[in-house]
Amino acid sequence: MEKLKKIQFTKFYKKMNFLSLVLISLSLFILIFKGLNLGVDFKGGTLIEARTESTAISISDIRQSLLKMDLGDVTVKKFGKESDYLIKIEINNTNDTNFIKSLNNKLSSDLGSIINFRRVENVGPKVSGELLKAGLLAITFSLAAMLFYIWIRFEWQFSLGAIIALIHDVIITIGIFSILSFEINLSIVAAILTIVGYSMNDTVVIFDRIRENLKKYTTIPISEISNISTNETLSRTLITSITTLLALFSIFIFGGAILKGFSFAMIVGVIVGTYSSIFVATPILNYTNVNSKSVLKEEQEDKENF
Amino acid sequence: MLYFSKIKLFVIYFLIATLSLFSVANFIDNDDNFILSKKVNLGLDLQGGSYLLLEVDSKPIINQNLQQKLLKFRKYLQERNIEYQNLKIINSSIRFLIKEKDIETFEEFFLNKDNLINTYYDQYRSYEMDYSITNLNVIIEYTKFGLVELKKSTLSQSLEIVRKRIDEVGTNEPTIIQRGNNRILIELPGLKDPSRIKNLLGKTANLSFRLVSENETTFGSELLYFENNQDQLYISKRILLSGDNLINAKPALDNQTNQSVVNFTLDRVGSKKFGKATTKNVGRRLAIILDNKIISAPVIREPILGGSGQISGDFTFQSATDLSVLLKSGALPAPLTIVEERSVGPDLGEDSIKAGAISLAIGFFLVILFMLYKYRFLGIIADLALITNLLLLIGILTILEATLTLPGIAGIILTVGMAVDANVLIFERIKEELKIEKSTINAFDVGYKKAQSAVLDANVTTLISAVILFFLGSGPVKGFAVTLGIGIITTLFSAYFFARHLSSIYAMIKKDKQVIL
């Protein structure tokens, strides 16, 4: 890591900020025009993870068979192993207590093979609306809580930098989900909240060092302080990202099909979050001209208040 | 930072030992030991089972209760010789016309805290119902609190009956709890196909015995379907006997026809009513009606006086059993609708546990190797802290008897990846200090001190996310929040107490030698 100490991060700020702006605009553009692939948790409907006994059945067989039953929009795709499928049906029919059973019977007899429904999720429109609301509320709430925390611990410039970095991370992660048409469900919301926590964690460590160095070297300008501090914490930033990514890739590869979306979102989030701590949050301190005086002054006020 | 008092050390290692014991006890079969028999609960997504969310539809209840209130009002108005006109229910309110002279009497009665029709709730300082009079038009409506109370009692009655029905079916340790003010949450571990339970809960189970009308022109009769939705009969609206009088019901096999039937027993009032009705109507057909569908309509051959009877129909033994369950548990006060259902088969749960365990093992192994590679000897300390952390985390989950879900396992793996961060922050700091500080002990001491604020800040942010997720998340996601949150606390503990102690020993040993990190 010794060689890395000399990186002039400030030199890249302009280029990286431009890149971020492009990524965010692209994400927003796609979000607006393509939208998100909301899962049954948030849209309502029926989700079935099915395993067929015979391997001779194809996706289109299942699809054709389901389309005959007049169930609205139907999607079928492979899920994990061979002969495992994920079926998504637009209607939820929670009132018909025999809906799932009759669906299974019809499908089994139509395809001439026993179909095992390994997992069924059936969400009515009222509940999905509430879950969506709760999810959005949770994300908003966590952003607000982070803002509040950082505002108590640091000066306002730091809050601004941190919160812009967080919004940057969330928008880009969701944007990537929109581009790839990956499904957004409850676990993705959990991933986004964790990303918010992680990205904040990463940013705070650099900020902590910047504040410390501002107090130590009162004559050095903030741009140089950012450079020194980012370099000093770089090795930690990278090591923690690597161990976290090791854990996440292990979930992504070995954790089964259900955790794929969650771990993918987290992997994207950790990478984007690490990047944003260095190239989004820290530059904002430069632009808002944080200096030793303001930090020391605030410190003084804090002491007097106690 | 490197000094530990004896008491502190004792507490630290005692905690670690106890929690490790609890976490190891999870994997040993020891149900006899009442302390160590605690185990982490597996969520429905890991052990398989069904989750149902039911909503009580309180609309019909409001009208039903207004109907009863209306009868009481009519009786009261007649008793007091208050003249009224057009007494009826419109838009969930009781309305009638009153004479000027009677207004005072009416108001006095209505606002009397001890009156029997309009209850006064002390806790809310509010009446059950409120009235307004404009141009002699009286409008009586439920107050906000009246509705709250009505919904509350409907929900608690429904909860009771749902519990009875599920208990009758005999599933394994069901969870049945109230959710919000109009929902019931049911968790049925191990149950893969909830259709039977859904069928049982989907029926209100209003039972009535009514006579079959002789012909369609008979006054006060209605056309009802049989259960097969094809045949129809004209049935008198007058209820001879309702399910309220039924005290027991059992499925049985009829000796003569070898068909499944349901035997029922009536209470004393019911027996009397039923005896009288059957005596008077020998030779006529008696329809047995459940939720407005005719089950059967046998001819009354002789008076039934013993207070017990038999319902025959087109039953299988299963459907006869289900009908007895419904009859025994009583009618729901309001229809229930299923608004959310999630079921996981036990085989998928097993697969998930396997996948979770494998990815945890691999992730753990990779992180441990990486730390050894990065920090050599201090890596061992970090790795020991990581192992301790995992034991503490599982130990706490065990003591709390928390529910472990698949996302919860992901939370544990993620904790493994992120937990080393605290030690990385500290070691990196020590490394920096070693460059300027001659004394190894001082470098370690200052390193720990200086890293503290960053470690704390960094972990608080993740903890905030976990707490928000815990309160706003649902089901399996809550499990993730629990493991992530507890993981942060155990991480701080293992880094700042356990690893710091090991580091202090290491620093003492190396105090005169050069340490390279």
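The contact between the two chains takes 58 residues from chain A and 58 residues from chain B. On chain A, the side that touches chain B draws at least two residues from each of α4 (99–111), β5 (115–123), α5, α7 (186–216) and α8 (222–254). The residues of that side comprise 30 nonpolar, 19 polar and nine charged. The model is predicted.

**Sheet shared by the chains**
- Eight strands form an open sheet in the order β3(A)-β4(A)-β2(A)-β5(A)-β20(B)-β2(B)-β10(B)-β9(B), and the pairing is antiparallel.
- Its edge strands, each pairing on one side only, are β3 (74–79) of chain A and β9 (175–179) of chain B.
- On average, neighbouring strands of this sheet are turned by 20° against each other, direction ignored.
- Between the chains, β5(A) pairs with strand β20 (residues 336–344) of chain B in the antiparallel sense over five bridges, and A:V120 stands opposite B:S343 in β20(B).
- Within chain B, β9(B) pairs with strand β10 (residues 183–189) in the antiparallel sense over five bridges; here B:I176 stands opposite B:I186.

**Helices across the strands**
- Helix α9 (residues 346–399) of chain B lies across β2 (45–52) and β5 of chain A and β20 of chain B, at about 85° to β5(A).
- Helix α3 (residues 59–67) of chain A lies across β3 and β4 (81–89) of chain A, at about 155° to β3(A).

**Helix α5 of chain A**
- The 29 residues of α5 (residues 125–153) should span 42 Å at 1.5 Å a residue, which agrees with the 42 Å between its end C-alpha atoms.
- Buried residues of α5(A) include A:V127, A:L131, A:G135 and A:I150.

**Domains of chain B**
- The domain assignment gives domain 1 (6–48 + 345–509), domain 2 (59–147) and domain 3 (207–342).
- The centres of domain 2 and domain 3 of chain B, taken over C-alpha atoms, are separated by 35 Å.

Terms used. Residues numbered from 1 in each chain as written. Chains lettered and ligands numbered in written order. Predicted model: local features only at pLDDT ≥ 70, side-chain atom pairs only at ≥ 80, totals over all residues. Helix = DSSP H or I, 4+ residues; strand = E, 2+ residues; numbered from the N terminus. Expected span 1.5 Å × (residues − 1). Buried ≥ 20, exposed ≤ 12 C-beta atoms within 10 Å, placed from the backbone. Contact = placed C-beta atoms within 7 Å. Nonpolar A, V, L, I, M, F, W, Y, C, P; charged D, E, K, R; others polar. Pairing = 2+ DSSP bridges. Domains from an automatic or database assignment. Axes fitted to C-alpha atoms, helices over the stretch in contact; angles between N-to-C directions.
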